[in-house]
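This briefing covers a pocket, a nonpolar core and a set of salt bridges. Please consult the sequence and structure shown below while reading.

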Amino acid sequence: MIAGEVMRNPDGGLEAWVTVPIIDAYGELQLFEAIVDTGFTGWLTLPESDIRRLGLVHAGHRYSITASGNAERFEFYRAWVSWHDQLYWVEVFQSIDQPLLGMELLEGSNVALDAREGGEVIIEEVGSGLAT
């Protein structure tokens, strides 16, 4: 089970945050807070500074449709993520600001949250999801 908390952003909106364990280039486990974003179809996004700090392997670029409806080019990297007590080799897109946890990583999970400030976020594995 992965647990998190619903928090208010600087604009006053609610966001569901969870901790995502990522293994850096030195084999050390680093913890990152990310917003659960069911509108994001990828795995994860991280700001460039966090990608550099982790020493992630650059894997290329992809075009993706953003929430504004525009196709934009994103650099992506590879990282090992500990998810439901297993390691997965995932794509991490470089973002401008907030880290996002997307639907690819949530596949095979049940997400429950108490949508109020301070509410609990629970992500549980429910079946076959990610390919290892």
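Which residues lie nearest the centre of the largest pocket? In this predicted model, they are Phe 40, Thr 66, Ala 67, Phe 74 and Leu 100, and the lining has 24 residues.

**Largest pocket**
- The space in the largest pocket amounts to about 650 Å³.
- Strands β5 (57–65), β6 (71–83) and β7 (86–95) each give two or more residues to its lining.
- The lining comprises 9 nonpolar, 9 polar and 6 charged residues.

**Nonpolar core**
- In soluble globular proteins, nonpolar side chains tend to be buried together.
- The largest nonpolar core holds 27 residues, and Ile 22, Leu 44, Trp 83 and Leu 101 touch the most other members.
- Beyond its neighbours within four places in sequence, Ile 22 is in contact with residues including Phe 32, Leu 44, Leu 46, Leu 54, Trp 80 and Val 81.

**Salt bridges**
- The model contains 7 salt bridges.
- Glu 91 pairs with Arg 62, with the closest N and O atoms 2.6 Å apart. Because Glu 91 lies in strand β7 and Arg 62 in strand β5, this pair ties together parts that are 29 residues apart in sequence.
- Glu 91 is buried, at 10% relative accessible area, whereas Arg 62 is partly exposed, at 35%.
- Arg 62, Arg 78 and Glu 91 are linked in a salt-bridge network.
- Arg 53 bridges to Asp 50, the closest N and O atoms being 3.4 Å apart. The two residues are 3 residues apart in helix α1 (residues 48–54), so about one helical turn separates them.
- Asp 50 is buried, with a relative accessibility of 15%.
- Arg 116 and Asp 114 form a salt bridge at 2.7 Å, N to O; Arg 116 is partly exposed at 46% relative accessible area, and Asp 114 is partly exposed at 31%.

Technical notes. Residues are numbered from 1 along each chain as its sequence is written. This is a predicted model: local features need pLDDT of at least 70, side-chain atom pairs count only at pLDDT 80 or more; totals for chains, interfaces and linings use all residues. Side-chain values use heavy atoms; hydrogens and water are left out. On a 1 Å grid over the protein atoms alone, a cavity is a set of points where a 1.4 Å probe fits but cannot get out, and a pocket is an open set with protein on both sides within 12 Å along at least five of seven lines; lining residues have an atom within 4 Å of a point. Grid points are joined across faces, edges and corners, and a volume is the space filled by probe spheres set on the points. Helices (H or I, at least four residues) and strands (E, at least two) are DSSP runs, numbered from the N terminus. Ala, Val, Leu, Ile, Met, Phe, Trp, Tyr, Cys and Pro count as nonpolar, Asp, Glu, Lys and Arg as charged, and the others, Gly among them, as polar. A nonpolar core is a set of buried Ala, Val, Leu, Ile, Met, Phe, Trp, Tyr and Cys residues joined through side-chain atoms within 4.5 Å. Buried means under 20% relative accessible area, exposed over 50%, partly exposed in between (1.4 Å probe, protein chains only). Contact means heavy atoms within 4.5 Å. A salt bridge is a side-chain nitrogen of Lys or Arg within 4 Å of a carboxyl oxygen of Asp or Glu.
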